[in-house]
Amino acid sequence: MKKFLNRLLFQHVQKKSEYTSEPFETSPLHHERLTGELQNDIQTLKALLGNSFDLKIVRFTSDPYAYDGAFLFIEELTDTAVVHEQLRAIRSLSETTYLSDMSPETMRQEVLTISESSIVDTLHQCSSHLLQGNTLILSDKYKDGIILNSRKMPQRSIQAPSSESVVRGPRDGFVETLLLNIGLVRKRLKDPDLQLDYFKVGERSKTDVVVMSINGLTNPKIVQEVKNRLNKIDIDSVQESGVIEQLIEENSLSPFPQVQVTERPDTVAGSLAEGRVAIIVDHTPFVLIAPLTINSFYQSAEDYYERWVYSSLIRILRVAAALIALCLPSIYVALISYHQGLIPTDLVISLAGSREGVPFPSIVEALLMEVTIEILREAGIRLPNPVGQAVGIVGGLVIGESAVSAGLVSPMMVIVVALTAISSFALPQYYVGVSLRILRFPIMISAALLGLYGIVIALILLSIHLIRLKSFGVYYLEPLVPYSPKGWKDMFIRTQTKSLKSRPDMLHPQDKKRMSSKN
Amino acid sequence: MKSALNTSELTQNQVTIGISLTVLGVGMITLPREVFTAAGVASGWVSVLLTGIIAAGVMLLMIVLNNRYPGMSYYQYNRIIVGSWIGGFITLITSIYYVTFAAFETRAMAELIQMFILDRTPVSFTMLIFIGTAVYLVLGGYSAIFRLFELYFPAIIFFTLLIMILSANQFEMNHIRPFFEGFPPIMKGMSATVLSFVGMEIILFIQAFMRKPERAKKAAVYGIAIPTVLYAIIVIMVGGIMGVGETMTLVYPLMELAKSIEIRNFFFERFETFFIPLWILSIFTTLAIVLYLAALGIKTVFNVKKETAVFSIIPIIYILAMTPKNINEMFTMGVWIGYSMLAIGVGIPLILLLVSILRRQKQ
C-alpha cells in the first residue's frame, strides 16, 4: 500500500516536472507536424489558437495558380508593413521564376526581402511564433513553414524616471520594452564581455527575462545563484518585476527588500560595473539589481556625479534622516511616558503645558497622528496629481492644526510626526522609506511598553535581523560588517573618486581593479 | 536558501573583537569599586594591567592546546585527551558554568535597568525579554554573533571613551597618587579583577571557527589588550575623579562618573541615561556568546539539536537569575563565577594541556 502510494506520488511529481519543462503540452495537436495541405493546416492552427478573430489569413497565389500560399499573423501583435512588403516581393517575381519549384529554404533566401526569418515544421512552433507577433507563411506543397520576424513593439518614448529623479545625471529612464531597455544599458557599457542570459518565466505569460552580468568581472557564483532561482520559478503569469523579486529573494518575512529596484539605466550600468547582476523583465520599466546591501538605503547614483564633499555630506544627512524616520516618535513616546527627567526643565514645563488637556497617553497620540499621516500619503498617491496635492495640503494643515486646537494631540507631537514623515521621504529609494515606516510602529509600541529599554531592545533585535539577513549570499550589512576598510571608502562618506581604485570586496568580483594607480 | 559565497568563518578582526566584547561585560561598570575595595590604594590600575598580562599568557597556553588538535573546539578534543566519560563531564560542568554566567549577566542587566530607568517594571519581565533577544541571535550561529559584535564594537568603545573625555575636566591627579605602594595591595587588587576578565577562555572554542587559525595568537593578544587598557583607563579616571574612598561606596562607579558629567545648554539633561544603552549592549554581547557556548556544550554532551539545547537552558538561566535575593547576593554570585572561571575555564584546560603533552598526543 505504502509502495503504491509512493509510486503514485512519485509519478505525480514526474508528470509535473515534465509539464514544467514542456509547458506547451496542453493539446495533443501540438506535437504534430504541418501536413502540407494548406486548408487543413490553416484549420488546425485556427483551432489551436481558439478560433480567435484576430488571427488574420492572407491567401495569395503565384505561378499562374500553380502555387497556393497564405500569410498568417495575429493582427495587433504584428507589424503589417512587413507582410505587405513580402507580398509585394512575391508579386514582383519575374515570369520565369516559379515559387512551386523552390523549397521554402530557397524561397526564404532568394525571394523574401526580410532579414530575419526561419523555417519551422511543427504546429507547436507555428503557434508560439504567431503568439509572439511573427508571421507564418504556409504553402500548399511543402511541409515546412516560413517564419518572418514582424513583431510590433509598442513603446512609450523615453522619459525621465519619475520615482528616482536627480539634480545631476542623465534624464532617460527605462520604458516597458525589453529590447530598448537592454539597449539603454548596452549604450552605457560597450563591453564585449557584457553577458545576456535569456529566460522565459511564466507558463502562460511567457514573459521574457534577461539576466545581465559582465564576464570575467561579476562573481560567477552570484550569477549562477540568480539563474538557479529564476529557473526554479514555476508560475503561470508574471506581469511585473516585483513578482520575480518576491520569488527570488532569500527571506520573504523580512521587512527589508533584498533586491534593488531602479528605473535608471545609469544605475544599472554602474551596478554592473561594480559586480552586481541586473534582471530586466519585459513590459516593465523597473529593473532588478542583485545583490542589495544596506548601502543602497542611503546611496543614490547621483552621489558619484557630484563632488565628493557634497556627496558625503548628503549621505550623512540621509543616514540621519533614516534614523529619525525610524526612531524619533518612539524616543518622544519614551521620554514623555517614562523619562521626563531627561528633558531640560524649561522644556518639560512647556511640554507639560501643551499636553494639558490631551486626554490620551502619548502612545495613543503618536499612533493616531502616524496613522493619519500614512492615510494622507496613501490618498495623495492614488488621486490625480493636482487633487493629490490639494488633499495633502488640506489634510496636513487642517487636520494637524485642528487636532491641536481640538485638544486631541499636543503641538509637539505634530512636529515630531511631520519631521518623521518628511525624513522618510528624504531617502533616495522609495521602497526603503517604506520598510523604515513599517518598522517605526513596532519600535513605538516597545517604547510605550518599556521606555528607553524597549527602544534599545527593539534596535538590538533589528540589528540581529540585519546581521542574519543575506542577499544572494552577500551579507546585508557588508561592507560595514564584516569589516572591509576598502569598502568604507564608499559608505557613509564617499571619498574622492581618485581613491576608489578597487571594486567593492563584498561582491567578490573577479576583476578587482577599477582604476589604474596612475590617476 | 543556501548561500552562494561561503563567508561564515571568522576573521582575525572578528576574533579580536569577540574576545574584547566577551570580556567587557558587567565588569566594566563595577570594576573600579571592586579593585579599590580589595586593594585599598590608588594603584589599583596596576593590578588591572598585570591581570591582563597574565590573562594574555594563559590565552597563549590555551592556543598551544588548541594547536595540538587543529580544527577542533575544546568540547570536541577534551574527550580525546581524557576519554569520553571524563571529557563529557568536563563539557557538562563547563556548560553549567556558562549557564550560571549567563544568569548573572542577565540579572546584573535587570538590576541596572531597574535602578536607572524602569523602577516599576518587574525584573522578571526585563530579563525574559533580554534572554529572548539573545536567543534570537544565538539561533543564527556563531557567525552572526561575531558579525554583530563587529557592529557594536565601535559604538561601545566610542561611548566609553566619550564618558572619559567629557569628565576629564574633573580629574585630579592627587586622587590617584601615589602610583606605587608596594606589592601586597596590588596582588589583592588582582584577585578582585578576576571577574572582569571572565570570558577570555572563549579562545578555546572559537579558534576552530577561524578562517586562518594560525592568526589566533595575534587575535588573542589584541583581544585581551583592548579590554585591559580600557579597564585601566576606567580605573584611573574613576579613581582620579571620585577618589578611592568614595569609589568604594558606589555600586556602579562608572555610572556615577557619567552622572557627574554636566554639559550646559545641551538639549538633554541627566546625560547618564544615554549611556544605559551602552551597558545594555556590552552586557548583551557577553550574554550572547556565553549562551551560545552553554548551548554548544549541551548539544555536544546530550547529542541534541541546537534549537533543543538553546531552549532547554532558557528556564535554567531564568531560575538561576531569579535566585539572588538582592543586589549584594548578586555580586557574591559574580565573585563565585570569577573563582569558577579560574577552576573551569583556566585550571582544567591547563591540566588537559599537561595531560596531552604527557601522553604525547598530537593531531
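A:Pro479 sits in the loop that runs between β12 and α16 (485–488) of chain A, where helices (H or I, at least four residues) and strands (E, at least two) are DSSP runs numbered from the N terminus. The structure is a predicted model, in which local features need pLDDT of at least 70, side-chain atom pairs count only at pLDDT 80 or more, and totals for chains, interfaces and linings use all residues. Residues are numbered from 1 along each chain as its sequence is written, chains are lettered from A and ligands numbered from 1 in the order in which they are written, and side-chain values use heavy atoms, with hydrogens and water left out.

A cis peptide bond links A:Glu478 to A:Pro479, with omega at about 0°. A:Pro482 also belongs to the loop between β12 and α16 of chain A, and a cis peptide bond with omega of about -10° joins A:Val481 to A:Pro482. For context, most residues other than glycine have a negative phi, and most peptide bonds are trans. Strand β12 (residues 474–475) of chain A contains A:Tyr475. A:Tyr475 has a relative accessible area of 2% and is therefore buried; buried means under 20% relative accessible area, exposed over 50%, and partly exposed in between (1.4 Å probe, protein chains only). Although A:Tyr475 and A:Leu507 are 32 residues apart in sequence, their C-alpha atoms are 9.7 Å apart in space.

Positive phi values turn up elsewhere in chain A. A:His508, in the segment after α16 of chain A, has a phi near 45° without being a glycine. With 30% relative accessibility, A:His508 counts as partly exposed. A:Asn51, another residue that is not a glycine, has a positive phi of about 50°. A:Asn51 is placed in the loop between α2 (38–48) and β1 (55–62) of chain A and is exposed, its relative accessible area being 56%.

Turning to whole chains, chain A holds 16 helices and twelve strands. Its radius of gyration is 30 Å, well over the 24 Å that the globule rule gives for 519 residues, so chain A is more spread out than a compact globule; the radius is taken over C-alpha atoms, and the rule is 2.2 Å times the number of residues to the power 0.38. The C-alpha trace of chain A spans about 105 × 65 × 60 Å along its principal axes. The domain assignment divides chain A into domain 1 (32–148), domain 2 (178–292) and domain 3 (304–475), with bounds that come from an automatic or database assignment. Between the C-alpha centres of domain 1 and domain 2 of chain A the distance is 36 Å. Buried residues account for 49% of the 519 residues in chain A.

Chain B has 14 helices and zero strands. The radius of gyration of chain B is 20 Å, close to the 21 Å that the globule rule gives for 363 residues, so chain B is as compact as a globular protein of that length. Its C-alpha atoms fill a box of roughly 60 × 45 × 40 Å along the principal axes, and 58% of the 363 residues in chain B are buried. Helix α2 (residues 27–39) of chain B is largely enclosed by the rest of the structure, because eleven of its 13 residues are buried. Among these buried residues are B:Met28, B:Arg33, B:Glu34 and B:Phe36. Just after α2(B), B:Gly40 adopts a positive phi of about 75°.

The two chains meet through 41 residues of chain A in contact with 44 residues of chain B, a contact being heavy atoms within 4.5 Å. About 3,700 Å² is buried between chain A and chain B, 71% of it from carbon and sulfur atoms; this buried area is the accessible area (1.4 Å probe) that two parts lose on being put together, summed over both. A:Leu342, A:Tyr453 and A:Tyr483 provide 19% of the area that chain A buries against chain B, more than any other three residues.

A:Tyr453 returns in the largest nonpolar core, which has 189 residues and in which A:Tyr453, B:Met28, B:Tyr98 and B:Trp279 touch the most other members. Such a core is a set of buried Ala, Val, Leu, Ile, Met, Phe, Trp, Tyr and Cys residues joined through side-chain atoms within 4.5 Å. At least three residues of this core come from each of domain 2 (178–292) and domain 3 (304–475) of chain A. Leaving aside residues up to four places away in sequence, B:Trp279 touches B:Met28, B:Ile29, B:Leu112, B:Ile163, B:Leu254 and B:Met255. A second, separate core of 18 residues includes A:Leu184, A:Ile214, A:Ala278 and A:Val287.
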